[in-house]
2 protein chains.
Amino acid sequence: MSESASEILKSNNMSVTASRQQILSLFFDKDRGALRHSDIEKQLENLDRVTIYRTLQVFTDKGLIHPISGSDGVTRYALCKGNCSEGHHHDNHVHFYCQKCGETQCLNEVQIPKVDLPGMFAVRNIEMLINGICQHCSN
Amino acid sequence: MSESASEILKSNNMSVTASRQQILSLFFDKDRGALRHSDIEKQLENLDRVTIYRTLQVFTDKGLIHPISGSDGVTRYALCKGNCSEGHHHDNHVHFYCQKCGETQCLNEVQIPKVDLPGMFAVRNIEMLINGICQHCSN
DNA sequence: AAATTTTTTGTAACAATGTTGCAAAGATAA
DNA sequence: TTATCTTTGCAACATTGTTACAAAAAATTT
């Protein structure tokens, strides 16, 4: 679990520490589902809350993960798939929150559609969150 | 300020109280811009925090206002324009957050575009938040 | 490999947001 | 006006998030 994690950390110019390896591994284990700070806290009890906050911030800055602001006011984080790099995110996909299982996932293949805004509005970034029942829960 | 507010409260089967009239009037004064709980707290210092939370909840339940979850994790509320009623919201418009002035507004005339989801996803509600520079700040 | 520098971590302390239970106050209905 | 029902304020608490600072660990230099 730590091998690939440490290489990713190195190749993104981050110090390789146990905390970062553990947190990054959690994201790889989850793949699609997004993680809340509290999820990580529960699974890695040895880590301090503040360390987790700071690690999530660093990972975000480096383009490894991206934040997803949920309707419940809780921020989740998910792995970036594509071409995100330090300071430049390109996560223009839709997010889906399942009201049954509570999981949030990236629909990487579903692009956010274009929107026509009245002039005088400068768009910098668009977020699209769909609430409903996910593929696993709808049966 | 209290006259129309009290009538709206009555016609929505709510007890008419000073708190509710004051809070509702704030929304009418603001019109487009959304209000955070903290905004209301600052402007109506006589009211208890909890009362404001509960009033926002009731107004939301009754279809008077709708919550907007911001990228900053703070929930804002704005007046419902159309055909929202008790338990049934129809606020399918885009929200805009200005990164300069910090205001969030409803773009009531901009509908949320349709999205094609892979089968097995049941869509119940879609939120679209655009971050950028608003019409007042872009010059 | 040891010493130095730099970065990260844990702790404490704090701020903001949000929720619940309960008694007092206020609004509505009789 | 009285009785009933609803709302309010208060207290207490939970969760989320931030900052400062010293200790620990990682990276770099010698």
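Before anything else, a term I need: I call two strands paired if DSSP finds at least two bridges between them. I also keep in mind that this is a predicted model.

**Entry 1: a strand pair in chain B.** I looked up strand S4 (residues 93-98) of chain B and found it joined to strand S6 (residues 122-133) of chain B by four bridges, with the two running parallel. On this pair I noted B:Tyr97, which stands opposite B:Asn131 in S6(B).

**Entry 2: the whole sheet.** Next I traced the open sheet, in which six strands follow the order S5(A)-S4(A)-S6(A)-S6(B)-S4(B)-S5(B), with mixed pairing. Strand S5 (104-111) of chain A and strand S5 (104-111) of chain B stand at the edges with a single partner strand each, so one side of each has no neighbour in the sheet. On average, neighbouring strands here are turned by 30° against each other, direction ignored.

**Entry 3: chain A as a whole.** I counted four helices and six strands in chain A. Along the sequence I read the pattern α-α-β-α-α-β-β-β-β-β. The radius of gyration of chain A is 16 Å, close to the 14 Å from the globule rule for 139 residues, so chain A is as compact as a globular protein of that length. I also checked burial: 27% of the 139 residues in chain A are buried.

**Entry 4: around DNA strand C.** Which residues come nearest to DNA strand C? Of the 23 around it, they are A:Thr17, A:Ser19, A:Asp48, A:Thr51 and B:Val16. I sorted the residues of this surface into eight nonpolar, eleven polar and four charged. H4(A) gives the largest share, four residues.

Key
Residues are numbered from 1 along each chain as its sequence is written. Chains are lettered from A and ligands numbered from 1 in the order in which they are written. This is a predicted model: local features need pLDDT of at least 70, side-chain atom pairs count only at pLDDT 80 or more; totals for chains, interfaces and linings use all residues. A residue is near a molecule or strand if its C-beta atom, placed from the backbone, lies within 6 Å of it. Ala, Val, Leu, Ile, Met, Phe, Trp, Tyr, Cys and Pro count as nonpolar, Asp, Glu, Lys and Arg as charged, and the others, Gly among them, as polar. Axes are lines fitted to C-alpha atoms, for helices over the stretch in contact, and angles run from 0 to 180 degrees between N-to-C directions. The radius of gyration is taken over C-alpha atoms; the globule rule is 2.2 Å times the number of residues to the power 0.38. A residue is buried if 20 or more other C-beta atoms lie within 10 Å of its own, exposed if 12 or fewer, and partly exposed in between; C-beta atoms are placed from the backbone.
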